[in-house]
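Visitor: Hello! Could you walk me through this structure step by step?

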Amino acid sequence: MKIVVFSGAGISAESGISTFRDNGGLWDKFKIEDVATPDAFSKNPELVLEFYNERRKNISEVNPNAAHITITKLEQKFDVTIITQNIDDLHERAGSKNVLHLHGCITVAKSSKIDGHYKYIAYDDIKIGDLAEDYSQLRPHVVWFGEEVPELENAAAIIQQADIMITVGSSLNVYPAAGLIHASKTDCQHFVIDPNVEELKLPENFTLIKKNAGEGMSDLVQRLTLG
Ligand code: NAD
């Protein structure tokens, strides 16, 4: 039995990391075009680096929550792959093994010239003048708006194998990532855990668990392991 967990910003909300679109979310405070596009980095690299340095510091100060930890229990019984839209490392810190970061990971920096020359930086700041192996300015390894999502095909191939897909804490509004749920087999069983997603917006064969990530994941794991 192959299970794919598709996680979004909402799974990290209970750890204290702001989501993206909810009221009080990150983008109420910052404009996307000022901090999360290639153009923003060309125009004002200091601001962009500072924005991500702050995100990285914030992530270093929080811990995985019940939802991240419950997924590791699922991994003890099933073949589980996590595809996350999150740039935090909370799945790994909870102990999950197979994690694919669709939008990159904040603890890694990379060349600003080519898609490569990655460098693990943990929770250190990236400063102007910090260089990649190709002597270009280092930038965060995150996929900005307007950039391609290099892991998209890999993710689709993993989802095509899934017998069960659990989408947790994603508004399913950010494309192309959100479209991935449709890459699944026709008989794949879908669960969506999110307190705010509307049932009517989901395809008919999807089961909505309208709860926070921690509680919803715990309910579902009980159901899958007992049933
Ligand atoms: P989104 O912000 O568009 O949607 C978040 C979803 O989480 C919403 O549907 C909301 O109802 C739900 N949610 C809020 N609190 C919840 C809780 N306690 N339990 C369960 N669900 C909850 O997020 P998205 O769909 O992941 O797209 C956002 C993009 O922004 C992603 O691409 C991601 O890379 C990036 N992002 C990442 C982080 C992070 O790394 N933690 C944080 C913010 C944004």
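Predicted model: local features only at pLDDT ≥ 70, side-chain atom pairs only at ≥ 80, totals over all residues.

Visitor: How far does a polar side-chain atom of Ser-171 lie from an oxygen atom of the ligand?

Guide: Residues are numbered from 1 along each chain as its sequence is written, and side-chain values use heavy atoms, leaving out hydrogens and water. A polar contact is a pair of N or O atoms within 3.5 Å (within protein, one must be able to donate a hydrogen and the other to accept it, and residues adjacent in sequence count only if both atoms are side-chain atoms). For the Ser-171 side chain and the ligand oxygen, the distance is 2.6 Å.

Visitor: What share of the ligand's exposed area does the protein bury?

Guide: Accessible areas come from the Shrake-Rupley method with a 1.4 Å probe; for residues, only the protein chains shown count as cover. Taken alone, the ligand exposes 850 Å², and the share of that buried by the protein is 92%.

Visitor: How many residues of strand S7 are buried?

Guide: Strands are DSSP runs of E with at least two residues, numbered from the N terminus. Buried means under 20% relative accessible area, with exposed over 50% and partly exposed in between (1.4 Å probe, protein chains only). Ile-164, Ile-166 and Val-168 point one way from S7, while Met-165 and Thr-167 point the other way, and all are buried. For S7, residues 164-168, the count is five of five.

Visitor: Which residue of S8 is the bridge partner of Val-168?

Guide: Two strands pair if DSSP finds at least two bridges between them. Five bridges join S7 to S8 (residues 189-193), and the two run parallel. S7 also has five bridges to S1 (residues 2-7), again parallel, with Phe-6 partnered by Thr-167. In S8, the partner of Val-168 is Ile-193.

Visitor: Why does Cys-188 count as buried?

Guide: Cys-188 sits in the loop between S7 and S8. Cys-188 counts as buried because its relative accessible area is 3%.

How values were computed
Helix = DSSP H or I, 4+ residues; strand = E, 2+ residues; numbered from the N terminus.
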